[in-house]
Amino acid sequence: MKTWVIPVTWEVCGKVSVKANTLQEAMTIARDEAGEVPLPDESDYVDGSWQLSSEDEAYIRCCFNDSQKDEGKS
């Protein structure tokens, strides 16, 4: 039996503290379009969010598995 690398994604839910004068400003900062807000120290898995990152077998075979062939196929 072969071992395959399969890319997956899932969601987590956490809380961040933001310094701002208004709630609207705080929400804008928390959207983090500049990529500056640190990830929360604590977070929880969002039930049902687990999924394959891609359904494209050719992409997964090539990019994550060195073009490995299926068992019994050459």
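Tyr59 is partly exposed, with a relative accessible area of 37%; here buried means under 20% relative accessible area, exposed over 50%, and partly exposed in between (1.4 Å probe, protein chains only). The structure is a predicted model, in which local features need pLDDT of at least 70 and side-chain atom pairs count only at pLDDT 80 or more, while totals for chains, interfaces and linings use all residues. Residues are numbered from 1 along each chain as its sequence is written, and side-chain values use heavy atoms, with hydrogens and water left out.

A pair of aromatic rings is described by the distance of the centres and the angle of the planes. Rings of Phe, Tyr and Trp (its six-membered ring) pair if their centres lie within 6.5 Å; planes under 30 degrees apart count as stacked, over 60 as edge-to-face and the rest as tilted. By this rule, the whole structure contains 2 aromatic pairs. In one of them, the ring centres of Trp10 and Trp50 are 5.4 Å apart and the planes meet at 15°, so the pair is stacked. Trp10 belongs to the loop between β1 (8–9) and β2, and Trp50 to the loop between β3 (43–45) and β4 (51–52), so the pair ties together parts that are 40 residues apart in sequence. Strands (E, at least two residues) are DSSP runs, numbered from the N terminus. Trp10 is partly exposed at 46%, whereas Trp50, at 52% relative accessibility, counts as exposed. Tyr59 and Phe64 also pair: their ring centres are 5.6 Å apart and their planes stand at 85°, so this pair is edge-to-face. Phe64 is partly exposed, at 31% relative accessibility.

Val12 itself lies in strand β2 (residues 12–14).

Charged side chains come next. The structure holds 1 salt bridge, a term for a side-chain nitrogen of Lys or Arg within 4 Å of a carboxyl oxygen of Asp or Glu. Arg61 and Asp70 form a salt bridge, with their closest N and O atoms 3.1 Å apart. Arg61 is partly exposed at 24%, and Asp70 is partly exposed at 29%.

Finally, the cysteines may be considered. The whole structure has 0 disulfides, a disulfide being a pair of cysteine sulfur atoms within 2.5 Å. The closest cysteine sulfur to that of Cys62 is in Cys63, 4.4 Å away, which is too far for a bond. Cys62 is partly exposed at 45% relative accessibility, and Cys63 is partly exposed at 49%.

Terms used. Helix = DSSP H or I, 4+ residues; strand = E, 2+ residues; numbered from the N terminus.
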